[in-house]
Every structure is written in structure tokens, then in C-alpha cells.
Amino acid sequence: MKIAFSLDTVNRSYQEPNLNRTALKFYWDELFKLVGAGGFDAIEMPFSAMPKVRSWDPFSKAQLEARYGGAEPFAKQLKEAGISKVAGLFFTPSVGGPFGSASVASADGFVGGMKNTAEKLLAYAEELGCEYVIISASPEVSSMGGLLEKEEEVLDKLAAAYSELADKAGNIKICIRNEFWGILRGDKMHDFMAKVDERIGYCVDLAHVKIAGSDPVEFIRRAGSRIGCVSLTDTCFEDKAECWKQPNPLFPVTGATQIFRDLGQGGIDLKGVFAALKEAGFDGWATVSNRQSKQVSRGILRARYALNALEEV
Amino acid sequence: MAEKNIKYSFMNHWKTLPYKEIPNFRDFYYEDKTNYAYYQSWEQILNYTLGCGFEGIEIWPMAAPYIETFGSLKDFKDYVNSKGLGISGSFCGMGPGHIKENIPACVESVKKTVDLVAAVGGRHLNICPGVNYGEGGGPLTEDGIRNTIDCLNEMGRYAEDHGVLMGIHNEFFCIMNKDNHKRIIEATDPKYVHYCLDTAQVSIIGEDLCTFYDDYHDRIVTFHLKDTASPKMPDEVRYAASNPEIQDDGWRWFWEPGLGVLDFPGLFKLMKKHGFKGWATVETDGSPDLLASMAHSSYYIHTVLDKIYR
């Protein structure tokens, strides 16, 4: 198994660190060094089809070229920070925006939009030398409006689109993430994956699986050889009030909480998870994902501590 | 105590506040025992704003999606008002209105922000008069200047009709810059187009802050008060092709009032001379600690500036 660290730990939308800081070059220069110093020699990155203006984040091809001079100088900078690889990229499709509002969105529009962005994602992943990409099965169900009434049609079209994407993916593994707020939450994912092209893998996102009410260890056993990558996320959140149905489920209406904890700070049975992955013969990428981290550098070290405590790693 | 002439607001650079209130604050804090829990709700930020002695906030259009968590703009306004604060207005960009074909789209876009300001009971719309110089093909041509004037007049007329004062808010890296700044102010219709004096931006462009205010006080209806340690920057910096506002090494153009080199006491003497009445927004963009910036600014206002004019 190979371990990477996801730059989704940088919260670019919310307060800490503020947007001005994450726009700056020195912020990213230092972050790469901190990730390397934390013992992670590979990273995962979010993918932005629309680059953020005034930002040094490397999450789009346009930004990479404008700010870093392209993939080669970027790789050189990462190497100097102790990072030898961008292992993967991820993105979540949306409803609305170019595809119209949720109430009038069509299955073709939603899936077509996903595919269009996924093709750009694959092109960027190839340029960076990635081994996997993660595509979320859906955005929050609360944003899907009328599409939820056409769920079967949406899933059939998604499955077909994933096959077409796999034709173009070359050596890049396409993995599907099932967020706890999405249409394939929890164990629902297994039925869908049974119908999907064998080249498509699971992205086992531990916290999402657990919040949706499934046992991550059992989930891994069922996914078995279809696991394409793992997102090492942690959580203490129990969705007793079905916040997964609300808009912006990252911020539950039932009370403020940090849904995603830094790795090792939540209730995920990491020992059990690593044992199950070993049992499944998984030799792909398992990526630490400290989403919503309150202190990025502290989170890097917390994750390293948690991993060090696991003999299997 | 004599009535105050200046009402201070604080620019809401907190950007995204996911919660309206946090009833479970103590539990939330204990999750990780950091100060993060203190900066996640509108209630907290509004309380800090009032606690630091400000009378209002200025909002960004980008805050609108998060304001929607209140249900409506009116609900947001009512909530802010219930905290004892007002909303002075908002900031926005004009867009590429220096190109004639773009004017209708730019005007339509700004109308939406005018409507937002009116809906939250704001008085001011402070507008950056164009795109960046280096990225937008500066310098402005004669046609570009004419189009900018026409565009601003049309936007300002709509704003005036909706009870909002639209003020040019120039920026040191804007396509409207030192060579045509005053010309455009003078050529716009004073009935519709006012001016928001951003003390740092205008000084970085190369104007003397006090002279500029003295000369244009009759157009200046509000302020963005911020300091700078870098006045009168040369053309090659302001006109850089890459966005000069964001410097690679973290260099800050803007500082809290009193932490730079601008002559705020001199400015306030002139505000007294001209009898300024209205909102002045403290803006601390670039700060790594907005609460400290808010408290520091308040300290400077109350211990230095208030003694000159309040």
C-alpha cells in the first residue's frame, strides 16, 4: 500500500486560514515543505475546472501554468520539498451552474457535465503523472432537485459515462466516491458497483462510509478487489438527525461540529481498516485526508502519528 | 455627549460564516480546544464588531450565498439590526465597462449588487471602476475613458433611483489609474457618481491623501480607512501584468490605520473642516488576524482620531 497526503486539508472557502493567505505563493511553498517534513512523499489534490483568481493553488491546469510554469517545474518544486509524486486528483460534479437549476436539470445534462469535467480532470491527471482520479458519484442530494426522481436513469447514465471515461483513462484508475450526502451513500454503493465497468474502482472514504451508517471494515471486505483507492478520513459524527438531506451538510443544522477530524482524532477503527485492506490485497494509494482541519500543520503531524502507530503501515 | 458625525463600519473580510448562531458553542469548542470555534458564526462576528465599538458592517457580494442561510436578505438585515448594527453598504467591481459592447452586461451585473445593498438597508455601493490595468489592456484609450464614464453614469443613476450612493473606489492596480483618475471623477455626473476614498489605494496610486480629499471632498461620500507603508508606487509596480495586489512573498500593501505611514490626523482635520457626516469603513484586507485588526483599529480611532473629529 502506498500512502499520500491530500491537499484538501486546505480549506479555501472558510475562515481559517483566510482566503488571502491561501492565495499567496509563500503559503503553498511552505505547505509542500510541511507535507514533506511530515513524511509524506506523495500528494493528492482537488481539481478545479474553474481556477480561482488571485490564487497560487495548483488545482487547475491554468493555475499550474500561470503560477508554476507547468508540470515539470511544479514537480521539481515538489521534489525539493520531499514530495516525489502527485498520486491523484479528485472532483465533485455539480447540478446547476452550466447545467441549469436543479429543478429543471436533466440526467443527460448532469452526466454530460460530469463527463465533460472528468475529461479535463483526466487530462490534467495525465500531465501530472497521477495514478488515480476520484469522481464523486453526485453532489449533495439536497441540490439535486428533480434529478432524485430520475435516480435510476441517472445511475444508468453515470455507469455508461464511467465506461467511456475508462476508455480514455489509460493507466489512470478512475475511482468513485460515495459521500454520505450523495445518491450512493453507504452500502448502496455495492449494488451500483456490481453493474459498473470492472475498470472502475471504489474510492473507500472511511468517514463517509461510517457516517452513512456502514461499517468501514465490512465495506472494505465487500469492495474487495474493486478498491481503487482509499481516503483515510476520520470522524466522530453520528448523523442521527439525517443532516445528509439538508443543504450544506458539512455544517449540520443540529449544532456546530467538525464532521471530518484529523486522522486519528475520530472514531474510525484504523487498525481494523488496515488489516482489512491487507486481507483484500490492496496495493494502491491510501491518502490521508484531513478535511476541515483546524490547523493544517498540526493535522499533518497528527496523521503521521496515527500512521506510525499502525504496524501494518 | 455631542452627536457623532462619523459612523464606523468594519469590512466583512471574514468572508464565509457557515452558521448563523452556535447554540452548542461550548461542546463545539471542546471538540478540538482551538480558537476556531470563535469564528464560525455571524452572531460571533457581529458581537465582536459591536464590542469593538463599530456601528455597522460592510458586506461583499460574495457573502450573498451565505447570507441566504438566514432565509432572505431582509432576515439578514433584521438579524444584523437586532444586534445593534447597521449595514453601511457593499463593494463590487464595475467589470470591463471600458469596452462599449460590455456596458449593458456590466450595468446589469452592478444593478444586482445595488438591489442587494438596498435590500439590506445599505447606503453605499463602492465600486472598483474597471478591470486590472495589467490584465485588462491598460492604459485606457480615449474611447475607454469615455465608455468608463458612460458606464459609471448609468450605474450611478440606477443606484440613486434605488436610494444607494454609488462611489468610485479606485485601486492602485486598476485600469483607471493615475493618468486619468481625476479626469474621470470630474467627467462623471456628480448627481449620480460619488466617490469612496480608499485612503491606502489612492496613496499608493501616487496622490497625496490630504490634498486629494481637500480637492474632492464634495464628491467623497464615504471612506475605506486603511493604512499603507508603500505610498506612491511606480508605474511598473501598479501596471504589472500579473495581479500586483497579491505579492508572492506575502508583502502587505495594506495595514490597519495607524500601522502605516499615512497622515490620518491630517485627514481628520480636513474632515472636520468640511463637516463630513456619514459612514467610514475600516478595511483590513491582508490581515492574518481580523479580530486583532478590528481591535487595533478601534483603539486607534478612539484614542487618536476621535480627538480630532468624531
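## Chain B: overall fold

In this predicted model, 84% of the contacts in chain B between residues at least 6 apart in sequence join residues at least 24 apart. The secondary structure of chain B consists of 12 helices and 8 strands. Of its 310 residues, 48% count as buried.

The C-alpha atoms of chain B fill a box of roughly 60 × 45 × 40 Å along the principal axes. The radius of gyration of chain B is 19 Å, which agrees with the value near 19 Å for a compact globule of 310 residues.

## Chain B: helices H9 and H11

Two packed helices are described by the angle between their axes and the distance between the axes. In chain B, helix H9 (residues 209–216) packs against helix H11 (residues 264–274) at an angle of about 15°, with the axes 9 Å apart. H9(B) is therefore roughly parallel to H11(B), since an angle under 35 degrees counts as such. The crossing of H9(B) and H11(B) is right-handed.

On the H9(B) side, the contact involves Leu209(B), Cys210(B), Tyr213(B) and Asp214(B); these meet Gly266(B), Leu267(B) and Leu270(B) in H11(B). Sorted by class, the contact of H9(B) with H11(B) has 5 nonpolar, 1 polar and 1 charged residues.

## Chain B: Tyr39

Tyr39(B) sits in the loop between helix H1 (25–32) and helix H2 (42–51) of chain B. Tyr39(B) counts as partly exposed because it has 17 C-beta neighbours inside 10 Å, whereas a buried residue needs 20 or more and an exposed one has 12 or fewer.

Tyr39(B) and Val107(B) are separated by 68 residues in sequence, and their C-alpha atoms are 35 Å apart in space.

## Chain A: overall fold

Chain A contains 11 helices and 10 strands. Buried residues account for 51% of its 313 residues. For contacts in chain A with a separation of 6 or more, 82% are between residues 24 or more positions apart.

The C-alpha trace of chain A spans about 50 × 40 × 40 Å along its principal axes. A compact globule of 313 residues would have a radius of gyration near 20 Å, and the 18 Å of chain A agrees with this.

## Chain A: helices H9 and H10

Helix H9 (residues 216–223) and helix H10 (residues 270–279) of chain A pack at an angle of about 10°, and their axes lie 9 Å apart. H9(A) and H10(A) are therefore roughly parallel to each other.

H9(A) contributes Pro216(A), Val217(A), Ile220(A) and Arg221(A) to the contact, and H10(A) contributes Gly272(A), Val273(A), Ala276(A) and Leu277(A). The contact of H9(A) with H10(A) comprises 6 nonpolar, 1 polar and 1 charged residues.

## Chain A: helices H5 and H6

Helix H5 (residues 107–128) of chain A packs against helix H6 (residues 151–168) of chain A at about 20°, with an axis separation of 10 Å. H5(A) and H6(A) are therefore roughly parallel to each other, and their crossing is right-handed.

The residues of H5(A) that meet H6(A) include Ala107(A), Asp108(A), Phe110(A), Val111(A), Met114(A) and Lys115(A). Among their counterparts in H6(A) are Glu153(A), Val154(A), Lys157(A), Leu158(A), Ala161(A) and Glu164(A). By class, the contact of H5(A) with H6(A) has 10 nonpolar, no polar and 7 charged residues.

Note on methods
Residues are numbered from 1 along each chain as its sequence is written. Chains are lettered from A and ligands numbered from 1 in the order in which they are written. This is a predicted model: local features need pLDDT of at least 70, side-chain atom pairs count only at pLDDT 80 or more; totals for chains, interfaces and linings use all residues. Helices (H or I, at least four residues) and strands (E, at least two) are DSSP runs, numbered from the N terminus. The radius of gyration is taken over C-alpha atoms; the globule rule is 2.2 Å times the number of residues to the power 0.38. Two residues are in contact if their C-beta atoms, placed from the backbone, lie within 7 Å. Axes are lines fitted to C-alpha atoms, for helices over the stretch in contact, and angles run from 0 to 180 degrees between N-to-C directions. Angles under 35 degrees count as roughly parallel, over 145 as roughly antiparallel, 65 to 115 as roughly perpendicular and the rest as oblique. A crossing is left-handed if the near helix is turned anticlockwise from the far one by less than a right angle, and right-handed if clockwise. Ala, Val, Leu, Ile, Met, Phe, Trp, Tyr, Cys and Pro count as nonpolar, Asp, Glu, Lys and Arg as charged, and the others, Gly among them, as polar.
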